[in-house]
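I opened the notebook to record what I looked up, one entry at a time. The entries follow the order in which I checked things.

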Amino acid sequence: MRDDGDLHAAEEALEDAADVAIYDERKADLKTENPLPADVTMEILRGSSRLKALRNWRRLTQAELATTIGVSQGFLSDIESNRRKPSAQTRALLAKALDIPGQWIEPWGMPQCMARKSMPSGLTREYAAVLR
């Protein structure tokens with residue numbers, strides 16, 4: 001007859017094995033991903049849009065990038081601030097001009113609650129304070 005201690009140990013071992021399997025699967029997934037550079041991620045956490053952070057990472061002004069992809073600086077500004085959505089063609093041109101993988105270009109059409117302008121006003125400042 002088994003006691004409760006043996007049953008508990010077996011359950012713990014099973015749970016540990018499941019955790020290891022999840023960890024191994026996630027680690028394998030990371031090898032196939034193309035993560036953003038740390039500088040870009042930090043700028044996003046400080047409140048910039050992904051596109052603006054990528055542009056700054058490449059040390060380009062809005063005017064320079066806009067000229068390269070054939071749009072006005074104002075239009076690019078609107079894209080960076082999520083006031084306008086770029087077409088698939090513009091997204092492709094942005095990726096090429098910034099020399100980045102296409103999946104790094106932010107998907108537009110995100111839920112409104114995710115747009116920067118709808119974040120609580122102090123949230124960006126709080127993140128910046130933590131990052132300093």
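I began with the terms: helices (H or I, at least four residues) and strands (E, at least two) are DSSP runs, numbered from the N terminus. I also noted that the model is predicted, that local features need pLDDT of at least 70 and side-chain atom pairs pLDDT 80 or more, while totals for chains, interfaces and linings use all residues. Residues are numbered from 1 along each chain as its sequence is written, and side-chain values use heavy atoms, with hydrogens and water left out.

Entry: Trp57.
I located Trp57 in helix H3, which covers residues 50-57. Is Trp57 buried, exposed or partly exposed? I use buried for under 20% relative accessible area, exposed for over 50%, and partly exposed for what lies in between (1.4 Å probe, protein chains only). Trp57 has 24% and is therefore partly exposed. I then listed its contacts, taking contact as heavy atoms within 4.5 Å. Leaving aside residues up to four places away in sequence, Trp57 touches Pro37, Asp39, Val40, Ile100 and Trp104. For Val40, which is 17 residues from Trp57 along the chain, I noted a C-alpha separation of 6.4 Å.

Entry: helix H3.
I looked up which residues of H3 are buried, and found Leu51, Ala53, Leu54 and Arg55. The buried residues of H3 pack against helix H2 (38-45), helix H4 (62-69), H5 and helix H6 (88-98). After H3 comes Arg59, with a positive phi near 55°.

Entry: H2 against H3.
Two packed helices are described by the angle between their axes and the distance between the axes. I take axes as lines fitted to C-alpha atoms, for helices over the stretch in contact, with angles from 0 to 180 degrees between N-to-C directions. The axes of H2 and H3 come within 9 Å and cross at roughly 135°. Angles under 35 degrees count as roughly parallel, over 145 as roughly antiparallel, 65 to 115 as roughly perpendicular and the rest as oblique. H2 and H3 are therefore oblique to each other. On the H2 side I listed Asp39, Val40, Glu43 and Ile44, which meet Arg50, Lys52, Ala53, Leu54, Asn56 and Trp57 in H3.

Entry: salt bridges.
I counted a salt bridge where a side-chain nitrogen of Lys or Arg is within 4 Å of a carboxyl oxygen of Asp or Glu. How many salt bridges are there by this rule? The count is three.

The side chains of Glu80 and Arg55 form one, at 2.5 Å from N to O. Glu80 is in helix H5 (residues 73-80) and Arg55 in helix H3, so this pair ties together parts 25 residues apart in sequence.

Arg83 and Asp78 form another, with their closest N and O atoms 2.9 Å apart. Arg83 is exposed at 53%, whereas Asp78 counts as buried at 19%. Asp78 also forms a salt bridge with Arg84, the closest N and O atoms being 3.9 Å apart. Through shared partners, salt bridges join Asp78, Arg83 and Arg84 into one network.
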